[in-house]
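Please look through the structure below with its sequence at hand. The text after it goes from single residues to the groups they belong to.

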Amino acid sequence: MEHKNKKIWMDGSLIDYDQAKVHILTHSLHYGLGVFEGIRCYKTSQGTSIFRLEEHLDRFFHSAAIVYLSSPFSKEALREAIKETIRENQLEAGYIRPIMFIGDGAMGIYAKGNPVRVAIAVWPWGSYLGEEGLEKGVRIRISSYIRQSAGISLHLAKLTGNYIISQLAKREAVQDGYDEALLLDQEGFVAEGPGENIFMVRDGVLYTPPTDNILEGITRDSIIKIAERENIQVVVRRFTRDELYIADEAFFCGTAAEVTPIREVDGHIIDSGRRGEVTHRLQQIYFDVVHGRNPAFSSWLTYV
(Lines give C-alpha, C1' and ligand atoms only; values in the text may rest on other atoms or scores of the structure.)
Protein backbone atom coordinates (compact mmCIF):
# COMPACT_ATOMS: atom_id res chain seq x y z
CA MET A 1 0.00 0.00 0.00
CA GLU A 2 1.55 3.28 -1.08
CA HIS A 3 -0.26 5.57 1.35
CA LYS A 4 -3.22 5.77 3.67
CA ASN A 5 -6.52 6.61 2.03
CA LYS A 6 -9.17 8.64 3.78
CA LYS A 7 -11.90 6.06 4.22
CA ILE A 8 -12.54 2.33 4.42
CA TRP A 9 -15.99 0.81 4.09
CA MET A 10 -16.78 -1.54 6.98
CA ASP A 11 -20.06 -3.29 7.71
CA GLY A 12 -22.18 -0.74 5.88
CA SER A 13 -20.43 2.53 6.71
CA LEU A 14 -17.46 4.54 5.52
CA ILE A 15 -15.11 5.15 8.42
CA ASP A 16 -11.74 6.84 8.83
CA TYR A 17 -8.74 4.76 7.80
CA ASP A 18 -7.30 4.69 11.34
CA GLN A 19 -10.61 3.54 12.80
CA ALA A 20 -10.89 0.46 10.57
CA LYS A 21 -9.96 -2.04 13.28
CA VAL A 22 -10.93 -5.53 14.42
CA HIS A 23 -10.66 -7.26 17.78
CA ILE A 24 -7.66 -9.51 18.53
CA LEU A 25 -10.09 -12.42 18.94
CA THR A 26 -11.50 -12.01 15.45
CA HIS A 27 -12.22 -15.60 14.47
CA SER A 28 -10.77 -15.42 10.95
CA LEU A 29 -7.49 -14.05 12.32
CA HIS A 30 -7.03 -17.26 14.32
CA TYR A 31 -8.45 -19.85 11.94
CA GLY A 32 -7.94 -18.37 8.48
CA LEU A 33 -11.48 -18.58 7.11
CA GLY A 34 -12.27 -15.58 4.96
CA VAL A 35 -12.93 -14.76 1.31
CA PHE A 36 -11.65 -11.81 -0.65
CA GLU A 37 -11.30 -10.31 -4.10
CA GLY A 38 -8.64 -8.34 -5.92
CA ILE A 39 -10.13 -5.85 -8.39
CA ARG A 40 -8.60 -2.96 -10.31
CA CYS A 41 -9.99 0.33 -11.46
CA TYR A 42 -8.42 2.37 -14.23
CA LYS A 43 -8.46 5.95 -15.42
CA THR A 44 -10.20 6.29 -18.78
CA SER A 45 -11.30 9.17 -20.97
CA GLN A 46 -14.79 8.73 -19.50
CA GLY A 47 -13.62 8.68 -15.89
CA THR A 48 -12.66 5.89 -13.52
CA SER A 49 -13.84 2.43 -14.54
CA ILE A 50 -13.78 -0.87 -12.65
CA PHE A 51 -12.61 -3.87 -14.66
CA ARG A 52 -15.04 -6.79 -14.73
CA LEU A 53 -16.71 -5.82 -11.47
CA GLU A 54 -19.68 -8.15 -11.99
CA GLU A 55 -17.47 -11.21 -12.48
CA HIS A 56 -15.45 -10.34 -9.38
CA LEU A 57 -18.59 -9.92 -7.30
CA ASP A 58 -19.93 -13.22 -8.60
CA ARG A 59 -16.72 -14.99 -7.56
CA PHE A 60 -16.80 -13.24 -4.16
CA PHE A 61 -20.27 -14.60 -3.45
CA HIS A 62 -19.45 -18.02 -4.90
CA SER A 63 -16.39 -18.22 -2.64
CA ALA A 64 -18.53 -17.33 0.37
CA ALA A 65 -21.13 -19.96 -0.52
CA ILE A 66 -18.47 -22.66 -0.87
CA VAL A 67 -17.30 -22.10 2.73
CA TYR A 68 -20.75 -21.58 4.29
CA LEU A 69 -20.44 -17.82 4.74
CA SER A 70 -23.67 -15.90 4.33
CA SER A 71 -23.07 -12.28 3.38
CA PRO A 72 -24.99 -9.72 5.44
CA PHE A 73 -25.00 -7.50 2.34
CA SER A 74 -26.43 -8.15 -1.10
CA LYS A 75 -24.39 -8.11 -4.27
CA GLU A 76 -26.12 -4.88 -5.28
CA ALA A 77 -25.22 -3.26 -1.97
CA LEU A 78 -21.56 -4.20 -2.30
CA ARG A 79 -21.46 -3.01 -5.91
CA GLU A 80 -22.56 0.44 -4.76
CA ALA A 81 -20.28 0.33 -1.71
CA ILE A 82 -17.26 -0.28 -3.95
CA LYS A 83 -18.18 2.71 -6.12
CA GLU A 84 -18.80 4.85 -3.04
CA THR A 85 -15.43 3.92 -1.53
CA ILE A 86 -13.62 4.82 -4.75
CA ARG A 87 -15.40 8.16 -4.97
CA GLU A 88 -14.84 9.01 -1.31
CA ASN A 89 -11.10 8.37 -1.67
CA GLN A 90 -10.94 10.22 -5.02
CA LEU A 91 -9.16 7.23 -6.53
CA GLU A 92 -8.67 7.53 -10.28
CA ALA A 93 -6.82 4.24 -10.68
CA GLY A 94 -5.79 1.53 -8.27
CA TYR A 95 -6.67 -1.62 -6.38
CA ILE A 96 -9.91 -2.64 -4.66
CA ARG A 97 -9.98 -5.21 -1.86
CA PRO A 98 -13.34 -6.53 -0.60
CA ILE A 99 -13.02 -9.06 2.22
CA MET A 100 -15.59 -11.12 4.14
CA PHE A 101 -14.61 -12.73 7.41
CA ILE A 102 -15.90 -14.10 10.72
CA GLY A 103 -15.77 -11.61 13.55
CA ASP A 104 -15.09 -11.99 17.26
CA GLY A 105 -17.31 -13.82 19.72
CA ALA A 106 -16.99 -17.49 20.46
CA MET A 107 -13.61 -19.13 19.97
CA GLY A 108 -12.93 -22.67 18.83
CA ILE A 109 -13.16 -24.14 15.36
CA TYR A 110 -16.93 -23.88 15.11
CA ALA A 111 -18.30 -20.46 16.02
CA LYS A 112 -21.87 -20.52 14.80
CA GLY A 113 -23.04 -17.25 16.31
CA ASN A 114 -20.14 -14.97 15.38
CA PRO A 115 -21.00 -12.13 13.00
CA VAL A 116 -19.96 -12.26 9.35
CA ARG A 117 -18.26 -8.96 8.56
CA VAL A 118 -17.45 -7.25 5.25
CA ALA A 119 -14.93 -4.52 4.49
CA ILE A 120 -13.76 -2.73 1.35
CA ALA A 121 -10.43 -0.91 1.02
CA VAL A 122 -8.97 0.86 -2.02
CA TRP A 123 -5.52 2.23 -2.73
CA PRO A 124 -3.29 3.36 -5.62
CA TRP A 125 -1.16 0.47 -6.88
CA GLY A 126 1.17 0.26 -9.83
CA SER A 127 2.40 -2.91 -11.49
CA TYR A 128 2.63 -5.78 -8.98
CA LEU A 129 5.82 -7.19 -10.50
CA GLY A 130 7.28 -3.82 -11.42
CA GLU A 131 7.03 -1.48 -14.39
CA GLU A 132 10.30 -2.86 -15.74
CA GLY A 133 8.85 -6.36 -15.55
CA LEU A 134 5.98 -5.36 -17.85
CA GLU A 135 8.46 -4.55 -20.59
CA LYS A 136 11.50 -6.74 -19.99
CA GLY A 137 9.89 -9.68 -18.21
CA VAL A 138 10.54 -11.28 -14.84
CA ARG A 139 12.79 -14.05 -13.56
CA ILE A 140 10.97 -16.90 -11.83
CA ARG A 141 11.81 -20.20 -10.18
CA ILE A 142 9.88 -23.41 -9.68
CA SER A 143 8.87 -23.46 -6.03
CA SER A 144 9.64 -26.28 -3.63
CA TYR A 145 6.06 -25.80 -2.42
CA ILE A 146 3.24 -27.62 -4.22
CA ARG A 147 -0.08 -26.15 -5.28
CA GLN A 148 -2.75 -27.70 -3.06
CA SER A 149 -4.71 -30.36 -4.93
CA ALA A 150 -8.45 -30.27 -5.43
CA GLY A 151 -8.69 -33.10 -2.90
CA ILE A 152 -7.34 -31.01 -0.03
CA SER A 153 -8.32 -27.45 -0.94
CA LEU A 154 -11.30 -25.58 -2.33
CA HIS A 155 -9.48 -24.18 -5.31
CA LEU A 156 -12.47 -22.41 -6.90
CA ALA A 157 -12.90 -20.24 -3.81
CA LYS A 158 -10.64 -17.24 -3.31
CA LEU A 159 -9.91 -17.96 0.36
CA THR A 160 -7.56 -16.11 2.66
CA GLY A 161 -6.18 -19.40 4.02
CA ASN A 162 -5.32 -20.71 0.55
CA TYR A 163 -2.64 -18.04 0.24
CA ILE A 164 -0.34 -19.40 2.95
CA ILE A 165 1.45 -21.56 0.38
CA SER A 166 1.54 -18.61 -2.02
CA GLN A 167 3.27 -16.48 0.61
CA LEU A 168 5.87 -19.14 1.34
CA ALA A 169 6.55 -19.69 -2.37
CA LYS A 170 6.98 -15.95 -2.94
CA ARG A 171 9.30 -15.56 0.06
CA GLU A 172 11.42 -18.47 -1.09
CA ALA A 173 11.72 -17.12 -4.63
CA VAL A 174 12.63 -13.57 -3.57
CA GLN A 175 15.15 -14.80 -1.01
CA ASP A 176 16.80 -16.82 -3.78
CA GLY A 177 17.09 -13.72 -5.97
CA TYR A 178 14.10 -14.25 -8.27
CA ASP A 179 11.13 -11.96 -8.91
CA GLU A 180 8.40 -14.55 -8.52
CA ALA A 181 7.66 -18.24 -7.97
CA LEU A 182 5.80 -20.85 -9.99
CA LEU A 183 3.95 -23.71 -8.33
CA LEU A 184 3.55 -27.20 -9.76
CA ASP A 185 0.63 -29.45 -8.91
CA GLN A 186 0.95 -32.74 -7.04
CA GLU A 187 1.62 -34.63 -10.26
CA GLY A 188 4.40 -32.27 -11.36
CA PHE A 189 2.50 -30.25 -13.95
CA VAL A 190 2.64 -26.47 -14.08
CA ALA A 191 -0.18 -24.95 -12.02
CA GLU A 192 0.06 -21.21 -11.33
CA GLY A 193 2.04 -18.45 -9.68
CA PRO A 194 1.47 -17.40 -6.06
CA GLY A 195 -1.09 -14.87 -7.23
CA GLU A 196 -1.17 -15.26 -11.01
CA ASN A 197 -2.23 -17.62 -13.77
CA ILE A 198 0.30 -18.59 -16.43
CA PHE A 199 0.36 -18.89 -20.22
CA MET A 200 3.05 -20.10 -22.57
CA VAL A 201 3.42 -19.76 -26.34
CA ARG A 202 4.83 -22.47 -28.60
CA ASP A 203 4.72 -22.22 -32.40
CA GLY A 204 2.16 -19.41 -32.21
CA VAL A 205 -0.27 -21.39 -30.03
CA LEU A 206 -1.25 -20.12 -26.59
CA TYR A 207 -1.33 -22.75 -23.81
CA THR A 208 -2.68 -22.47 -20.27
CA PRO A 209 -3.38 -25.11 -17.58
CA PRO A 210 -6.97 -26.28 -17.01
CA THR A 211 -8.99 -24.99 -14.07
CA ASP A 212 -9.26 -28.36 -12.31
CA ASN A 213 -6.44 -27.39 -9.95
CA ILE A 214 -6.04 -23.61 -10.18
CA LEU A 215 -8.06 -20.54 -9.33
CA GLU A 216 -10.41 -19.56 -12.14
CA GLY A 217 -8.70 -16.28 -12.90
CA ILE A 218 -10.82 -13.47 -14.30
CA THR A 219 -7.80 -11.95 -16.06
CA ARG A 220 -7.00 -15.43 -17.43
CA ASP A 221 -10.52 -15.62 -18.86
CA SER A 222 -10.09 -12.12 -20.32
CA ILE A 223 -6.85 -13.09 -22.07
CA ILE A 224 -8.47 -16.20 -23.54
CA LYS A 225 -11.38 -14.19 -24.91
CA ILE A 226 -9.06 -11.49 -26.29
CA ALA A 227 -6.82 -14.11 -27.93
CA GLU A 228 -9.78 -15.86 -29.54
CA ARG A 229 -11.00 -12.55 -30.98
CA GLU A 230 -7.49 -11.98 -32.36
CA ASN A 231 -7.53 -15.44 -33.99
CA ILE A 232 -4.77 -16.70 -31.70
CA GLN A 233 -5.29 -20.39 -31.05
CA VAL A 234 -5.80 -21.17 -27.37
CA VAL A 235 -5.27 -24.68 -26.00
CA VAL A 236 -6.19 -25.48 -22.41
CA ARG A 237 -4.09 -28.45 -21.28
CA ARG A 238 -1.55 -29.51 -18.72
CA PHE A 239 2.13 -28.98 -19.47
CA THR A 240 5.38 -29.67 -17.69
CA ARG A 241 8.22 -27.48 -16.47
CA ASP A 242 10.51 -28.66 -19.28
CA GLU A 243 7.93 -27.60 -21.87
CA LEU A 244 8.01 -24.20 -20.23
CA TYR A 245 11.83 -24.14 -20.37
CA ILE A 246 11.73 -24.43 -24.17
CA ALA A 247 8.68 -22.23 -24.78
CA ASP A 248 8.85 -19.41 -27.30
CA GLU A 249 7.18 -17.07 -24.81
CA ALA A 250 5.57 -17.16 -21.38
CA PHE A 251 3.70 -14.68 -19.22
CA PHE A 252 1.81 -14.31 -15.96
CA CYS A 253 -1.59 -12.68 -15.77
CA GLY A 254 -3.79 -11.55 -12.92
CA THR A 255 -5.53 -8.52 -11.48
CA ALA A 256 -2.35 -7.42 -9.72
CA ALA A 257 0.19 -8.68 -12.28
CA GLU A 258 -1.95 -7.66 -15.29
CA VAL A 259 0.07 -9.16 -18.21
CA THR A 260 3.71 -9.64 -17.19
CA PRO A 261 6.19 -11.44 -19.48
CA ILE A 262 8.44 -14.19 -18.09
CA ARG A 263 11.97 -14.05 -19.41
CA GLU A 264 13.64 -16.75 -17.30
CA VAL A 265 12.60 -19.93 -15.46
CA ASP A 266 15.09 -21.70 -13.17
CA GLY A 267 17.98 -20.10 -15.04
CA HIS A 268 16.57 -21.17 -18.43
CA ILE A 269 16.22 -18.12 -20.68
CA ILE A 270 12.88 -18.15 -22.50
CA ASP A 271 13.75 -17.83 -26.19
CA SER A 272 15.54 -14.47 -26.65
CA GLY A 273 15.02 -13.42 -23.03
CA ARG A 274 12.75 -10.55 -24.08
CA ARG A 275 9.03 -9.94 -24.24
CA GLY A 276 7.68 -12.00 -27.12
CA GLU A 277 5.51 -10.86 -30.01
CA VAL A 278 2.32 -12.64 -28.92
CA THR A 279 2.76 -11.53 -25.31
CA HIS A 280 3.31 -7.92 -26.39
CA ARG A 281 0.27 -7.99 -28.63
CA LEU A 282 -2.01 -9.38 -25.90
CA GLN A 283 -0.53 -7.00 -23.36
CA GLN A 284 -1.24 -3.97 -25.56
CA ILE A 285 -4.82 -5.06 -26.24
CA TYR A 286 -5.41 -5.80 -22.57
CA PHE A 287 -4.28 -2.32 -21.53
CA ASP A 288 -6.41 -0.79 -24.29
CA VAL A 289 -9.41 -2.73 -22.95
CA VAL A 290 -9.00 -1.76 -19.29
CA HIS A 291 -8.40 1.90 -20.20
CA GLY A 292 -11.56 2.05 -22.30
CA ARG A 293 -9.82 2.27 -25.66
CA ASN A 294 -11.27 -0.93 -27.14
CA PRO A 295 -15.04 -0.81 -27.73
CA ALA A 296 -15.21 -4.56 -28.42
CA PHE A 297 -14.94 -5.21 -24.68
CA SER A 298 -16.68 -2.13 -23.31
CA SER A 299 -19.17 -4.34 -21.42
CA TRP A 300 -16.32 -5.32 -19.08
CA LEU A 301 -16.08 -1.78 -17.69
CA THR A 302 -18.22 -0.35 -14.90
CA TYR A 303 -17.89 3.40 -14.61
CA VAL A 304 -17.81 4.96 -11.18
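Cys-253 has a relative accessible area of 0%, so this residue is buried. The model is a predicted one, and Cys-253 takes part in no disulfide in it. The nearest cysteine sulfur belongs to Cys-41 and is 19 Å away. Seen from the other end, Cys-41 has its closest cysteine sulfur in Cys-253, and 19 Å is too far for a bond. A disulfide would need the two sulfur atoms within 2.5 Å, and the count of disulfides comes to zero. Cys-41 is buried as well, because its relative accessibility is 2%, and the limit for buried is under 20%.

Leaving aside neighbours within four places in sequence, Ile-86 touches Cys-41, Thr-48, Ile-50, Leu-91, Ile-96, Val-122 and Val-304.

Ile-86 leads on to the largest nonpolar core, which has 26 residues. Those with the most contacts inside this core are Val-35, Ile-50, Leu-78, Ile-82, Ile-86 and Ile-96. Two or more residues each come from strand S4 (39-44), helix H2 (53-66), helix H3 (75-88), strand S6 (94-102) and strand S7 (116-123). Helix H2 is the one that gives the most, with five residues. Another core lies apart from this one and has 25 residues, including Phe-51, Phe-251, Val-289 and Phe-297. In soluble globular proteins, nonpolar side chains tend to be buried together.

Which residues of H3 are buried? They are Leu-78, Arg-79, Ala-81, Ile-82, Lys-83, Thr-85 and Ile-86. The length of H3 can be checked too: its 14 residues, at 1.5 Å a residue, should span 20 Å, and the C-alpha atoms at its ends are 20 Å apart, so the two values agree. Just after H3, Gln-90 takes a positive phi of about 50 degrees.

The last stop is a threonine in a loop. Thr-26 sits between strand S2 (13-16) and helix H1 (27-31). Is this residue buried or exposed? Thr-26 has a relative accessible area of 3%, so it is buried. Its side chain reaches the backbone oxygen of His-23 at 2.7 Å. With neighbours within four places in sequence left aside, Thr-26 is in contact with Phe-101, Ile-102, Gly-103 and Asp-104.

How values were computed. Residues are numbered from 1 along each chain as its sequence is written. This is a predicted model: local features need pLDDT of at least 70, side-chain atom pairs count only at pLDDT 80 or more; totals for chains, interfaces and linings use all residues. Side-chain values use heavy atoms; hydrogens and water are left out. A nonpolar core is a set of buried Ala, Val, Leu, Ile, Met, Phe, Trp, Tyr and Cys residues joined through side-chain atoms within 4.5 Å. Buried means under 20% relative accessible area, exposed over 50%, partly exposed in between (1.4 Å probe, protein chains only). Helices (H or I, at least four residues) and strands (E, at least two) are DSSP runs, numbered from the N terminus. Contact means heavy atoms within 4.5 Å. The expected span of a helix is 1.5 Å times one less than its number of residues. A polar contact is a pair of N or O atoms within 3.5 Å; within protein, one must be able to donate a hydrogen and the other to accept it, and residues adjacent in sequence count only if both atoms are side-chain atoms.
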